[in-house]
Amino acid sequence: MHIPDGFLDTKTWVATAVISAGAVSYAAKKSKELLDERQLPALGVMSAFIFAGQMVNFPVAGAASGHLLGAALATILLGPWSACLVISTVLAVQALFFQDGGITVLGAGIFNMAVVAVAVSHFTYHFLLKLKANRYAATFVAAWLSIMAAAVLVSLELAVSGTIPLGVVLPVMAGWHALIGVGEGIITAAAVAFAVSTGTFGQEKKAEVAGHEA
Amino acid sequence: MKRNWFWWLLAALLIAALLSPLASSHPDGLERVAEDKEFLEKGYSVLRSPIPDYLFPGVEHEGLATALAGIIGTVLTFGVMVGIGRLVLPRSRSQKS
């Protein structure tokens, strides 16, 4: 869902860039309060893993492809503040070094994927855990919804930019990403299972305990 | 504890090196929509990146060019995130208190 330069008009990419700058600064501030340098490997490894995962496009319905976004994965394993920093970093590296996603629309990409997709993942996952949902079911639903939220936002941004009417773009964006979101859900659940089996992310275990106690 | 990070980093490098060359070349969801709804031509690139489209320049074998780009990107992303984290995060709390 990396938007190229030119898809969004100036008011839209400037507005989303301003919101994202505020959101990322706030995430950095919260991370500063909650974490210290011992969490550096967790952030680095998660970013690297999501970068690699995003390169592996899986075919969708014979005519399109999708790949891991990783917002739900980072959120569930590291919490929303770190996830925001991780996804923002991945998007910035992709735009700067790999020409994947435009540089003018980087703020929009961060808003869609590192802010809103992360927030949706966080609230969905913890809401479902409170309802005593199975953790992998909660992971799948959070991941699927995070993709849908980002797809709806991209559609809105395209429409506000005058690129294409909302009524035309929203149904097809939602349709394709409903399928891509299934891939996101499966990969995210598998990666969370890998994290649990390797016992890598300490915070992840605490989240589980907190979830069960709540 | 430390060894577990190694497994995630190894998994990331293996995915980047071995799986990414096998990735589907179909357009992604947004590209598919842009093509079908005829606004793909509005897109362009402001920036010229050193490794555009995840293909290491000058390497003719596409799988190898992708794998190289993947390994470089994975290591680079790790480095950039740790660098930013070092700037943002305070030193170990236990030492401070």
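Author: What follows takes the interface, then the pocket, then the cavities. This is a predicted model, in which local features need pLDDT of at least 70 and side-chain atom pairs count only at pLDDT 80 or more, while totals for chains, interfaces and linings use all residues. Residues are numbered from 1 along each chain as its sequence is written, chains are lettered from A and ligands numbered from 1 in the order in which they are written, and side-chain values use heavy atoms, with hydrogens and water left out.

Reader: How many residues does the contact take from chain A and from chain B?

Author: Contact means heavy atoms within 4.5 Å. Here the contact takes 72 residues from chain A and 60 residues from chain B.

Reader: What is the area buried between chain A and chain B?

Author: Buried area is the accessible area (1.4 Å probe) that two parts lose on being put together, summed over both. Between chain A and chain B about 5700 Å² is buried, and carbon and sulfur atoms give 72% of that area. On the chain A side, A:M55, A:F98 and A:Q99 supply 13% of the area that chain A buries against chain B, more than any other three residues.

Reader: Which side chains meet in a salt bridge, and how many residue pairs are in polar contact?

Author: A salt bridge is a side-chain nitrogen of Lys or Arg within 4 Å of a carboxyl oxygen of Asp or Glu. The rule finds 1 salt bridge across this interface, and the side chains of A:E37 and B:R91 meet in a salt bridge with an N to O distance of 3.6 Å. A polar contact is a pair of N or O atoms within 3.5 Å, where within protein one must be able to donate a hydrogen and the other to accept it, and residues adjacent in sequence count only if both atoms are side-chain atoms. Between chain A and chain B, 18 residue pairs are in polar contact, with both residues at pLDDT 80 or more.

Reader: Which elements of chain A supply at least two residues of the side that touches chain B?

Author: Helices (H or I, at least four residues) and strands (E, at least two) are DSSP runs, numbered from the N terminus. Among the elements of chain A that each supply at least two residues of this side are helix 1 (10-34), helix 2 (40-54) and helix 7 (166-198). Helix 2 of chain A gives the largest share, 13 residues. For residue classes, Ala, Val, Leu, Ile, Met, Phe, Trp, Tyr, Cys and Pro count as nonpolar, Asp, Glu, Lys and Arg as charged, and the others, Gly among them, as polar. The side of chain A that touches chain B divides into 46 nonpolar, 19 polar and 7 charged residues.

Reader: How many residues line the largest pocket, and how many cavities does a search of the whole structure find?

Author: On a 1 Å grid over the protein atoms alone, a cavity is a set of points where a 1.4 Å probe fits but cannot get out, a pocket is an open set with protein on both sides within 12 Å along at least five of seven lines, and lining residues have an atom within 4 Å of a point. Grid points are joined across faces, edges and corners, and a volume is the space filled by probe spheres set on the points. The largest pocket holds about 950 Å³ of space and is lined by 33 residues, of which A:N57, A:D100, B:E31, B:D53 and B:Y54 lie nearest its centre. The search finds 3 cavities of 30 Å³ or more, and the largest cavity, with about 100 Å³ of space, has a lining that includes A:M1, A:H177 and B:D28.
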